Amino acid sequence: MDTTVQLHRLLLFSLGEGTYAADVSYIREIVQDQQKIPLPNAPDYIPGVFNLRSDVVKVIDIRRIIPLSGEGTKKKIIVFVPENDSSTRFGMVVDEVYGIMEIPSDCVSLLDRTNTGIQNNFMIGFFTFSLTGFLNQSSRKYATGSDEVVWIDFEDMIQTIIDEEKAQNIVFRLTALFNPQYLFSDNWRSIQNK
C-alpha cells in the first residue's frame, strides 16, 4: 500500500487582508513593483506594461477595480509563465510575497471543478496554516495553524482575461475572490445599475 502523501508547491502571498497561494509551476519570477507604461483602451484592472529583460509584461492590479484594505502597500509583481513564446506575458501586483511552501494534499480542501456550469471564481481550494510558524522556520514546510488561505488558479484567471467573451464577467469573479463582502454593498449595486 502506497502511503506517500502528495505535496503541492505553492507560492504564498497577500493582497489586502487575504492570504493566497498559487502553484509555482505558473510563476516565472517575482519582481519589485515598478513604473508602468499605460496602454490605451486597456481595462481598468490593467494599468499598463513594463519591460522585463526584453519581455513586455501586462500588469493586473486588482486594487484598481476592487476596494481592498492596506491601500498603498503594493510591493511586488508576480510574473506568470507564458503559455508559449508568442503569448502575452502577465503579472499581478500583490502586497507581500511570503515564499514557497510544500503543503500535503490531505491538508487542502479542493473545490469540485468537474461541473463546468459552476463558476469557481479562480479558486482551486482552501487550507489553513500558521503564517508565523511558516515564516519562522528555515525549511518553509507546512505549519499547522488557523490562518486561512485561498488557492488561486492563475491559469484560469489569465485565460479569462485573454478570452474577450469570458472577460465580460471578470470584475465580478475577481471581486468574489478578493473581496466577496463588497458584492453585498450598496457601492457594488450602484455600479452594476449604471
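A residue is called buried when its relative accessible area is under 20%. In this predicted model, Asp-61 counts as buried because its relative accessibility is 4%. Asp-61 sits in the loop that links strand E5 (55–60) to strand E6 (76–80), and its side chain reaches the backbone nitrogen of Arg-63 at 3.2 Å.

The sheet can be followed strand by strand. It is an open sheet of six strands with mixed pairing, in the order E8-E1-E2-E11-E10-E9, and its edge strands, each of which pairs on one side only, are E8 (96–104) and E9 (109–110). Strand E10 (residues 123–129) runs antiparallel to E11 and is joined to E11 by six bridges, with Met-123 standing opposite Ile-152 of E11. Helix H4 lies across E1, E2, E10 and E11, and runs at about 155° to E11.

The largest nonpolar core has 31 residues, of which Phe-13, Met-92, Met-157 and Phe-178 touch the most other members. Two or more residues of this core come from each of the strands E1 (7–15), E2 (18–23), E6, E7 (89–94) and E11 (147–152), and likewise from the helices H2 (154–162) and H4 (170–178). When residues up to four places away in sequence are not counted, Phe-178 touches Leu-15, Tyr-20, Ile-62, Leu-68, Met-92, Ile-152 and Met-157. Apart from this core lies another, of 14 residues, which include Leu-10, Tyr-98, Met-101 and Ile-103.

Methods:
Residues numbered from 1 in each chain as written. Predicted model: local features only at pLDDT ≥ 70, side-chain atom pairs only at ≥ 80, totals over all residues. Heavy atoms only, no water. Helix = DSSP H or I, 4+ residues; strand = E, 2+ residues; numbered from the N terminus. Buried < 20%, exposed > 50% of the residue type's maximum accessible area, 1.4 Å probe, protein only. Polar contact = N/O pair within 3.5 Å; in protein donor to acceptor, adjacent residues only side chain to side chain. Core = buried A, V, L, I, M, F, W, Y, C linked by side-chain atoms within 4.5 Å. Contact = heavy atoms within 4.5 Å. Pairing = 2+ DSSP bridges. Axes fitted to C-alpha atoms, helices over the stretch in contact; angles between N-to-C directions.
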